[in-house]
Amino acid sequence: MRAPRMVKRPLGALAVVAAMAVVASCRGGGGEKPGAAPRTILQNKGSDTMVNVAQVWAEKYREVDPSVEIEVSGGGSGVGIAALIRGTVELVNSSRDMKPEEIEQAKKNTGKTPKGFVVGFDALAVYVNKGNPLSEIALEQLAEIYKEGGTLTRWSQLGVKIPGVQDDTIVLVSRQSSSGTYEFFREHVLGKQDFRLGSRDLNGSKEVVELVGSTPTAIGYSGMGYATPAIKMLALASKPGAAAVAPSAAAVKDKSYPLARSLHIYTLGDPEGPAKRYIDWILSPAGQQIVQESGYVPLSAAPAAD
Amino acid sequence: MTHAHGKETLKRARASRPAWAIVGEKLLETAIRVSGMSAIVFVLAIFIFVFREAAPVLFSERFDLGQFLFDTAWYPTSANNVRYGTLALTVGSIAVTALAMLFAVPFGLGGAIYISEFCGPRWREILKVVIELLSAIPSVVWGFIGLTVMSKLIVQLTNAPVGVNVLNGGIILALMSVPIVVSIGEDALKAVPDSYREAGLAMGATRWQLICRVLLPAARNGLLAAVLLGVGRAVGETMAVLMATGHAVTIPHGLLDSVRTLTANIAAELGEAPAGSEHYRVLFLTGLLLFCISFAVNISADLAIRGLRRK
């Protein structure tokens with residue numbers, strides 16, 4: 001009976017020491033600046049399109065106000081909005097507008113009305129592999145490729161011959177249904193009709209770009225901030241025969257690009273304290289500079305938000 | 001009455017032992033019984049919880065069970081025509097699992113036989129440690145290997161358009177289940193008494209005959225359990241298949257088609273489905289379906305063992 005106890009004791013002591021170390025290190029972190037206010041942690045969740053820019057915001061904001069820590073996670077606009085409805089998150093990034101029924105649910109659940117801020121603009125870009133000779137496409141053709149019962153399933157139907165490929169079936173790359181980009185695409189390209197089943201529904205914009213970059217017959221879509229050298233962004237024509245417009249800050253600015261959209265941050269009720277200061281900073285020139293550096297379009301460059 | 005009487009006799013019979021020893025033994029016995037029963041309680045509790053979350057949609061007017069089970073159209077967030085058909089997901093799960101077992105059962109049982117019957121003691125220790133290490137690799141890491149290494153290999157070797165597909169998921173799941181099949185299969189073979197081996201060799205059987213005709217039949221139940229646990233691991237695996245299979249709702253026509261499994265679908269969509277919504281409840285119903293599938297696998301294996309025994 002005695003032996004196990006003797007074994008246990010040093011272990012117990014070790015655990016206590018470890019716990020103390022953890023406590024001490026936490027204190028140390030908080031006490032870096034004497035007299036600093038206790039650390040506030042803000043949860044920032046949602047759009048995968050915005051996760052890169054949100055991370056840079058959070059990092060840079062640490063220099064502006066060290067007492068506030070912003071924890072950024074992705075998952076898709078739908079995931080962030082679901083968390084907002086549950087009331088478990090302070091700031092939600094969304095690449096689409098909140099739907100009226102979602103606003104209702106949030107009101108019912110938390111008693112507060114969600115408030116949205118437009119923090120930048122983006123062009124939803126349509127990508128093909130770099131080796132694909134196609135350079136522009138009309139929205140109608142895009143819908144025929146992506147929608148349920150659409151007629152375009154092979155590149156040859158578009159008059160495109162992809163070098164070095166025998167089977168020219170179009171490999172559809174899409175996003176999971178939690179994605180705001182997915183919903184925006186469905187609304188503005190498919191006219192609210194459903195996607196064709198069998199597309200690879202990936203978790204993030206980065207995965208979409210990677211898969212399209214490594215698959216000669218693939219087509220995919222995501223925010224234009226994710227472009228890489230392995231893929232090509234298509235110019236879009238709103239009607240067949242109309243002039244196609246390539247996604248760019250200028251084309252988003254003058255609204256000539258058909259798939260321009262706003263990027264939002266939502267809060268529950270009017271933001272207060274640290275959350276309000278954070279959003280104000282994002283809307284300031286410093287925050288907007290980061291929007292531009294991340295490949296999106298800052299507010300000042302675009303016409304007034306609607 | 002009889003109970004009190006029983007206690008009396010117990011007291012008399014063990015009068016020589018101190019009272020605390022008797023109480024302690026009773027307590028220990030109860031504790032062991034409770035922990036044994038807890039398995040049943042947990043399984044029932046999980047089933048009831050999942051069922052409770054799914055029940056409102058199962059019994060609602062708008063819900064069509066036939067469509068849920070036998071339709072391939074999975075459109076949970078459609079703007080104008082919401083459909084909850086899980087056939088493609090079920091077929092995806094079964095296809096990936098079956099392929100995984102096709103690889104994992106021969107390799108796993110072969111490995112178990114080698115370690116248990118042919119291996120020298122030194123190699124046995126090395127192999128066991130390495131196989132345990134293999135089973136300790138987290139599933140996200142497997143998924144990552146599938147997404148990056150395997151998918152490129154598959155594209156190079158098979159000329160498939162996309163490397164994340166049934167083949168990729170099957171191989172990854174096989175690699176994940178082999179360690180389980182090996183270690184439990186090896187235990188089952190070890191449990192066969194040495195007298196069987198000695199008797200077989202004494203009768204002039206070769207090693208091959210000994211394994212085929214004596215050891216495998218004798219260890220049948222344990223080996224089946226090993227395979228079943230492997231199947232369980234493969235069916236229930238989420239993260240790795242989510243990353244390696246391509247996540248496309250479609251009935252595969254070949255090994256190189258992308259699929260989506262029931263588990264991956266739940267993992268991908270539960271986060272966005274608002275708690276209590278129809279989509280959320282249907283996802284729980286999908287969980288119930290998964291539960292039923294593994295229950296059916298277990299029951300049929302159990303019946304198979306009984307059938308074999310009767311022969």
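Author: With a relative accessibility of 18%, A:Arg196 counts as buried, because the cut-off for that label is under 20%. Keep in mind that this is a predicted model, so treat what follows as computed from a prediction. Where does A:Arg196 sit along chain A? Look in the loop between H6 and S7. Leaving out residues up to four places away in sequence, A:Arg196 touches A:Glu144, A:Ile145, A:Tyr146, A:Lys147, A:Glu148, A:Gly150, A:Thr151, A:Leu152, A:Thr153 and A:Leu172, plus B:Tyr75 from the other chain. One of these neighbours, A:Gly150, has its backbone oxygen 3.4 Å from a polar atom of the A:Arg196 side chain. For a sense of scale, the C-alpha atoms of A:Arg196 and A:Thr88 are separated by 34 Å.

Now follow that B:Tyr75 contact out to where the chains meet. There, 27 residues of chain A are in contact with 26 residues of chain B. A:Asp194, A:Leu197 and A:Arg200 supply 26% of the area that chain A buries against chain B, more than any other three residues. Another neighbour of A:Arg196, A:Glu148, forms a salt bridge with B:Arg83, with the closest N and O atoms 3.0 Å apart. Helices H3 and H6 and strand S7 of chain A each supply at least two residues to the side that touches chain B, and H3 gives the most, with four. Sorted by class, that side of chain A has eight nonpolar, eleven polar and eight charged residues.

Terms used:
Residues are numbered from 1 along each chain as its sequence is written. Chains are lettered from A and ligands numbered from 1 in the order in which they are written. This is a predicted model: local features need pLDDT of at least 70, side-chain atom pairs count only at pLDDT 80 or more; totals for chains, interfaces and linings use all residues. Side-chain values use heavy atoms; hydrogens and water are left out. Contact means heavy atoms within 4.5 Å. Buried area is the accessible area (1.4 Å probe) that two parts lose on being put together, summed over both. A salt bridge is a side-chain nitrogen of Lys or Arg within 4 Å of a carboxyl oxygen of Asp or Glu. Ala, Val, Leu, Ile, Met, Phe, Trp, Tyr, Cys and Pro count as nonpolar, Asp, Glu, Lys and Arg as charged, and the others, Gly among them, as polar. Buried means under 20% relative accessible area, exposed over 50%, partly exposed in between (1.4 Å probe, protein chains only). A polar contact is a pair of N or O atoms within 3.5 Å; within protein, one must be able to donate a hydrogen and the other to accept it, and residues adjacent in sequence count only if both atoms are side-chain atoms.
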